[in-house]
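Walk through this two-chain model with me. We will go from the contact between the chains to single residues.

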Amino acid sequence: MHNKSVADLSRELASGTISSVELTRQFLDRIRQEDEKYNSFITVTEEQALADAKAADEQRAAGNATPWTGIPFAHKDIFCTNGVRTTCGSKMLENFVPPYDATVTANFRQAGAVCLGKTNMDEFAMGSSNESSHFGAVTNPWGERRVPGGSSGGSAAAVAARLVPAATATDTGGSIRQPAALCGVTGLKPTYGRVSRYGMIAFASSLDQGGTIARTAEDNAMMLNVMAGFDPKDSTSIDREVPDYTATLNEPVKGLTIGLPKEYFSDQLSPAMEEQVRNAIREYEKLGATVKEVSLPNAKLAIAAYYVIAPAEASANLSRFDGVRYGYRCEDPKDLMDLYTRTRAEGFGEEVKRRILVGTYALSAGYFDAYYLKAQKVRRLIQQDFISAFKEVDVLMSPVSPSPAFVQGEKNTDPVTMYLEDVFTIAVNLAGVPAMSVPAGFVDGLPVGLQIIGDYFSEARLLNAAHQFQQVTDWHQREPQ
Amino acid sequence: MQWDIVIGLEIHVQLATRTKIFSGSSTAYGAEPNTQANAVDLAMPGTLPVPNENAFRYAVMFGLAVNAEIERRSVFERKNYFYPDLPKGYQTTQLERPIVGPGFVDIDLPNGETKRVRIHHAHLEEDAGKSLHEDFHGMTGVDLNRAGTPLIEVVTEPDMNNADEAVAFARKLHGIVTSLGICDGDMSQGSMRFDVNISLKPKGSDTLGTRTETKNLNSFRFMEQAIAHEVERQMDILEDGGEIVQETRLYNGDRDESRSMRTKEEANDYRYFPCPDLLPVVLDEAFIEEARNSLPELPDARKARFQEQYGLNDYDAGLLAGDSKLATFFEETVTHGKDAKLSANWLLGEFSARLNAEERSVADSPISGEQLGALVTRIADNTVSSAGAKKVFEALWTGENDDVDAIIDAKGLKQVSDTGELEKMVDEVLAGMPDQVAQYQNEEDPKKRKKMLGGFMGPLMKASKGQGNPKLFNEILQKKLGG
């Protein structure tokens with residue numbers, strides 16, 4: 001059962017060949033046996049999961065099943081779960097138990113899905129290798145000592161290792177797409193505002209977007225059906241009709257116009273990676289799509305702009321972790337300043353502190369115009385680049401990362417090298433458009449991802465394009481040994 | 001040396017919305033600590049602000065009432081600083097694009113002149129919680145009930161030149177926001193708090209001096225005292241050849257002392273930037289028109305109407321119209337009391353004095369406008385004398401009885417106004433005081449005569465057991481004694 005997709009499991013549950021309790025037990029057993037190798041979970045909620053599975057079986061018996069009733073899955077540990085500790089990968093929240101659900105969490109609960117636990121992540125979603133987690137690094141199931149990518153490294157590794165068929169994730173600068181690519185699974189970052197951010201612990205509010213990781217595009221579509229929609233609790237979520245994302249998966253891609261941003265096929269990309277990506281695009285041509293080169297002229301400025309805007313927002317978003325109301329508090333503070341400084345010095349890890357410092361600097365009097373305002377101007381130029389490109393083409397395709405999964409410890413000593421991991425993914429967040437990562441081949445036995453970027457609210461088209469690709473390829477079915 | 005005083009005000013006005021500016025928690029005052037703070041107010045991880053439309057409506061009403069431009073697209077920003085009663089580590093406020101742009105308010109000065117005070121802008125923001133330093137054994141308690149209460153901060157131009165003007169402006173603003181119903185105006189509960197910026201410059205100079213800011217004054221009296229105190233402090237320094245340090249000061253009204261809170265050098269770099277959790281607030285014309293149409297009568301219009309409709313003088317009309325609760329009370333009194341001038345006198349006299357003495361607001365008055373009106377009626381129709389009326393007022397106030405006529409009866413305060421009966425009493429009393437009558441009639445000086453006339457009143461009142469109408473006694477006396 002652990003190799004089956006969410007769609008398959010949904011059918012199995014519906015036909016009664018297996019109950020949710022049995023299914024849940026099987027996956028919990030796998031987590032218990034296998035996750036020591038990967039460390040993809042921070043918290044496993046066995047008791048709660050079995051109780052939820054039992055409730056799901058009863059729900060089904062009563063004739064009230066949804067496609068998700070009884071399906072086991074996991075949440076990235078950034079989504080608040082009522083009564084279950086939510087750490088965001090940080091010592092600061094090591095013992096934080098929220099008294100409320102994130103809207104995403106509530107939606108899955110409402111759909112009857114069974115959450116098995118909370119997946120590991122870079123601390124406060126800051127990282128591209130999952131090495132900044134307070135709860136230890138995650139290992140990529142495709143290679144010993146290889147990173148799974150980040151920040152949603154736990155979700156991607158857990159899905160790749162078949163510990164869960166699906167997991168929620170978030171993407172601020174590539175945090176869904178890059179780990180999905182490095183772990184050989186399928187991930188979707190929706191349009192900014194498509195999925196509520198309520199209860200999703202903020203890193204950079206104007207960039208953060210909740211999304212999906214599963215093995216197939218179809219499962220991503222099923223997840224998005226549960227997650228997408230306007231939320232009155234999030235004023236930046238968008239009030240716009242949510243289509244059934246599974247309904248258009250089988251549309252042909254014949255006639256689809258694919259743009260290849262020339263800036264994303266640069267010398268930053270290894271020839272072996274480029275070959276895999278171009279092979280994937282050739283599959284689309286075989287399916288009747290046409291390909292043309294386009295330009296995102298300001299894409300080269302994306303990383304610089306991102307590393308001003310994201311840390312600036314983070315520096316304010318993380319001010320609430322002050323040791324006063326919840327979370328970590330230092331021992332025996334001698335006065336208020338000592339409480340603040342020691343709590344934050346001891347509670348945050350290196351990368352988080354680095355970004356708070358960078359953001360605080362960028363917003364400081366005398367620097368604000370040169371950094372923050374300038375970065376916002378660049379951001380508008382980048383948005384304009386995408387808007388122009390989508391006047392010419394239906395989707396953009398590119399690599400997700402410059403190289404496949406790297407070895408743990410290789411890049412975390414030099415932050416800038418690590419930041420360059422996101423060179424192909426970050427502009428998407430600055431523009432707010434949706435994008436996917438789809439398994440598209442291997443280099444040296446390590447997975448390679450194809451990035452498909454769409455216009456605002458074109459998730460259905462992206463999922464359709466990915467699904468059609470997965471009908472003629474089997475990269476997404478490969479299982480790590 | 002002669003000095004010009006330059007004063008500008010910043011006024012925090014708590015908006016009387018039922019719920020907070022970015023959460024659904026109640027804003028009611030006085031609940032147990034931290035019982036009115038939900039996950040958003042506590043800044044729990046992942047929570048997000050949801051704007052309260054009524055706060056925008058109130059801010060727009062305020063803007064329209066002070067003749068200001070309304071910003072069609074205002075932006076919330078984060079003002080970053082750490083403090084235990086500031087749960088998010090930043091205050092959500094407005095800086096670059098406040099919702100209310102430049103406007104003005106005209107104030108009446110004690111000398112009868114009118115002065116225009118310009119408003120620089122007013123912005124929407126959230127209030128912080130409260131840090132409680134007592135009762136925690138050397139530690140600090142934090143109460144977040146107030147955190148997230150909507151405020152507008154009104155910032156004036158430095159257009160006031162003495163404490164009288166500043167207080168007149170403060171009172172006027174109080175009258176405006178309470179008339180609009182956007183603030184309960186209760187200063188003892190912090191519903192309105194004043195920061196005063198003061199500087200001195202040599203008389204006639206065009207260059208402003210260094211200013212200080214005195215924060216959180218929560219009564220008109222403290223404001224007046226704080227200004228006097230600060231002007232004197234600055235004057236002493238300047239006249240001794242010293243320099244004013246730009247700083248924020250705290251004034252202790254009970255001791256009439258102030259101390260420095262922080263200097264400019266110690267000021268925070270607040271690192272303002274637009275709040276990414278909130279979209280710009282876009283107000284359409286319909287929303288603004290709706291707010292305009294919902295504006296109630298404001299103090300200036302009400303004052304004009306009181307003069308016109310009730311024949312009140314400028315001063316009385318201004319006082320009564322300036323405070324919306326007093327104005328309402330006045331109109332209730334007039335409805336039942338007929339005589340507007342007499343009603344105004346009683347409200348501004350006995351009634352206000354009593355409220356002040358007991359530190360009560362109009363809303364807490366133990367007597368109603370209807371009761372006071374009934375009393376005014378009985379004064380006007382000569383049923384009670386003004387001395388008697390004070391006794392009735394006392395009985396109403398203390399709750400001895402709530403019916404004016406019943407009190408008059410029970411206390412035997414009804415005046416005798418039957419002229420025949422009164423003439424008889426006058427004749428009898430004059431007959432018993434022949435020396436005084438002769439003395440009176442021989443006196444040439446009208447002033448002295450008037451005084452001597454008073455000498456007959458005592459025996460007359462005694463003869464009438466206090467119930468004779470003094471006015472009529474007076475008239476009859478003058479007639480009988482020959483002018």
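The model is predicted.

Start where the chains meet. Chain A puts 37 residues into the contact, and chain B puts in 25 residues. On the side of chain A that touches chain B, helix 9 (302-317), helix 10 (336-347) and helix 11 (350-363) of chain A each give two or more residues. Helix 9 of chain A gives the most, with three residues. By class, this side of chain A has 22 nonpolar, eight polar and seven charged residues.

Move to helix 1 of chain B, residues 53-65. Its 13 residues should span 18 Å at 1.5 Å a residue, and the end C-alpha atoms are 19 Å apart, so the two agree. The helix is mostly covered, with 10 of its 13 residues buried. Among the buried residues are Phe56(B), Tyr58(B), Met61(B), Phe62(B) and Leu64(B). Which elements cover the buried residues of helix 1 of chain B? The cover includes strand 5 (103-108), strand 6 (114-126), strand 9 (150-156) and strand 15 (281-282) of chain B. It also includes helix 2 (163-180) and helix 4 (285-293) of chain B.

After helix 1 of chain B comes Asn67(B). Its phi is positive, near 60 degrees, in a residue other than glycine. Asn67(B) sits in the loop between helix 1 and strand 2 (73-74) of chain B. With 14 other C-beta atoms within 10 Å, Asn67(B) is partly exposed. Asp256(B) also has a positive phi, about 50 degrees, and is not a glycine. Its loop runs between strand 12 (247-252) and strand 13 (257-263) of chain B. Asp256(B) counts as exposed because 12 other C-beta atoms lie within 10 Å, and the cut-off for exposed is 12 or fewer.

Return to helix 2 of chain B. Two packed helices are described by the angle between their axes and the distance between the axes. The axes of helix 2 of chain B and helix 3 (residues 220-239) of chain B come within 9 Å and cross at roughly 155 degrees. The two helices are therefore roughly antiparallel, since angles over 145 degrees count as such. The crossing of helix 2 of chain B with helix 3 of chain B is right-handed. Helix 2 of chain B contributes Ala163(B), Ala166(B), Val167(B), Ala170(B) and Arg171(B) to this contact. Helix 3 of chain B contributes Phe220(B), Met223(B), Glu224(B), Ile227(B) and Ala228(B). These residues divide into eight nonpolar, no polar and two charged.

Helix 15 of chain A is mostly covered, with 11 of its 14 residues buried. Glu459(A), Asn464(A), His467(A) and Phe469(A) are among the buried residues. Their cover includes strand 5, helix 7 (217-227), helix 8 (271-286) and strand 10 (435-443) of chain A.

Thr191(A) lies in the loop between strand 5 (186-189) and strand 6 (209-214) of chain A. Is Thr191(A) buried or exposed? Thr191(A) is buried, with 21 other C-beta atoms within 10 Å. Thr191(A) and Gln209(A) are 18 residues apart in sequence, and their C-alpha atoms are 7.6 Å apart.

One backbone detail remains. The peptide bond from Gly150(A) to Ser151(A) is cis, with omega near 10 degrees. Ser151(A) belongs to the loop between strand 3 (114-119) and helix 5 (153-160) of chain A.

Note on methods:
Residues numbered from 1 in each chain as written. Chains lettered and ligands numbered in written order. Predicted model: local features only at pLDDT ≥ 70, side-chain atom pairs only at ≥ 80, totals over all residues. Contact = placed C-beta atoms within 7 Å. Helix = DSSP H or I, 4+ residues; strand = E, 2+ residues; numbered from the N terminus. Nonpolar A, V, L, I, M, F, W, Y, C, P; charged D, E, K, R; others polar. Expected span 1.5 Å × (residues − 1). Buried ≥ 20, exposed ≤ 12 C-beta atoms within 10 Å, placed from the backbone. Axes fitted to C-alpha atoms, helices over the stretch in contact; angles between N-to-C directions. Parallel < 35°, antiparallel > 145°, perpendicular 65-115°, else oblique. Left-handed = near helix turned anticlockwise from the far one by under 90°.
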